[in-house]
Amino acid sequence: MSERSVSKRRSLRALLMFELRLQLRHPISWAFVAIVIGWRVTTTWQWMPDWSVEMADTALTGLVVGAGLMLSANLATLRDQRGDAGELFDPVPIRVDARTIATLLACVVAGTVLGVAVIAAQVGSMLVNSTPVGRFDLAELANGVLVTILMTTVGVAAGRWTPGLIAAPIVILLFFWAVFQFATSWLLPVVPRADLVVGAPRPPAWHALYVLALILVFGAAAVLRHGHGPYRVGLVTVGTALAVLTATMSLTSPEAALMRKAIDRSKTPTSIIEGADHCVSSGGVTYCSFPSYTGWIPLWEQAVAPVVAALPSEVRTTLPTVRQRTATGMIDPQVLADNILPGTTWGRNGGEVASRRWLAAQMAAAATGLPREGQYSGGRAGCDLRGQARAIVVLWLIGQVERPVLPGRSSVYVRERGNGAERARTNVQSDFGAVDYGAAELAYAERLLTTADAGDRIRAGWRKLVDPATNVDEALPILGLTAGSAASKAEGTPCT
């Protein structure tokens, strides 16, 4: 091997390491990495991970990390075009196409390292104090890394073919626009999750090969800028053919057919609980979940069992089923009447308090006869519990699990029909849905929670206490409480 060849190899290796250090230390890249990690850890910290969902969402963050790497790669590629920078490379014994190859390789390595690090940080944070459910899919995570590599490769190609800083930002905008505009298309490099049904089919392994083919196409296109040799043209041709083939195989795969069926099923009234058929009976209550969520049934039981244990024995035989539902879909009235419907989320790291309190409230509401439609919808479906004795009972039942709290209130402006005038309206959202109650009822319930024989008194006077016609003043002797703050009158439609 000649001394000149050895010198070229050493120079190429040195340039590759130089570009790699720049990419791994570039402030733009690390700014996007910090944004992704901070955003994802913050938004997922208080929620139990469902791997079927989080794998797709984590892979999608590769698009954001890739955006930072695309900008830094584009700047590195445009270095040759800054002022007299080209003259500085004249003494270097490697041509411009070799410099492009070195930049490409450095970007691929940097994309792999940062992509894996960001994904590992996200997954690691989700494992803290969690009971994960769903399918952990390494292929989905690998696709997130491939998307990061693809975007940084596109950044190099854009820098070689477009002599300006505007190309990379435009391409980034196009990437994100396509993701939101064609969210269910498997022709996207990364496919967002579909909230149609639980465990919605995901692109098969062919999709990863499709992204690899796109990386090959754009990488070869960057080098093609320096000459149309048969080797370079062949790489573009092979990459394009492979991309078309793998895209076709993905779109015609059994998974794609299952996705189309899932979209059709999501339009039926009972689709919201379809597939929630893994059932376990415990303490007189039946718990049904989607097969991938069975790990959360013990968590539901911990929130429901104390409420059920505090009820009279004759009430325990008429309780509804706790049946899981999807995040989207239609709720059939009969489904609502027969079931309590926890969703596909559950809290952790402090977030479990609200989850437990909500589910306890649903069982307490069902046991005391609160209108079921008010538990899951707002506005006109809501009602007011102020002044009713069962407000104290239902809040005491919640207190067997978590401390009850006052409803949240928000003001919205609605436009009146006819004159178009706007008026303020207060929306109420409690653990029962749009069911309102006051501070007086909550105060009595909290006093009752410190009374030793409260359970016996409530069970003995159950029929009277849960009767909507029984007011707070009539309930106090039954509960062994003395009068305190006067219960306020109902401001909305009284609950019946």
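Author: Happy to! This is a predicted model, where local features need pLDDT of at least 70, side-chain atom pairs count only at pLDDT 80 or more, and totals for chains, interfaces and linings use all residues. Residues are numbered from 1 along each chain as its sequence is written, and side-chain values use heavy atoms, with hydrogens and water left out.

Reader: Which helices are included in what covers the buried residues of H8?

Author: Helices here are DSSP runs (H or I, at least four residues), numbered from the N terminus. Buried means under 20% relative accessible area with a 1.4 Å probe, protein chains only, and in H8 Tyr-210, Leu-214 and Val-217 are among the buried residues. The cover over the buried residues of H8 includes helices H5 (96-126), H6 (138-161) and H9 (230-251).

Reader: Which residue forms a salt bridge with Glu-140?

Author: A salt bridge is a side-chain nitrogen of Lys or Arg within 4 Å of a carboxyl oxygen of Asp or Glu. For Glu-140, the closest N and O atoms of the pair are 3.0 Å apart. Glu-140 sits in helix H6 and its partner in the loop between H7 (167-181) and H8, 62 residues apart. That partner is Arg-202.

Reader: Why does Arg-386 count as buried, and what is its relative accessibility?

Author: Arg-386 forms a salt bridge with Asp-384, with the closest N and O atoms 2.7 Å apart. Shared partners join Asp-384, Arg-386 and Asp-436 into one salt-bridge network. Asp-384 is buried, at a relative accessible area of 2%. Arg-386 counts as buried because its relative accessibility is 9%.

Definitions and conventions. Buried < 20%, exposed > 50% of the residue type's maximum accessible area, 1.4 Å probe, protein only. Helix = DSSP H or I, 4+ residues; strand = E, 2+ residues; numbered from the N terminus. Contact = heavy atoms within 4.5 Å.
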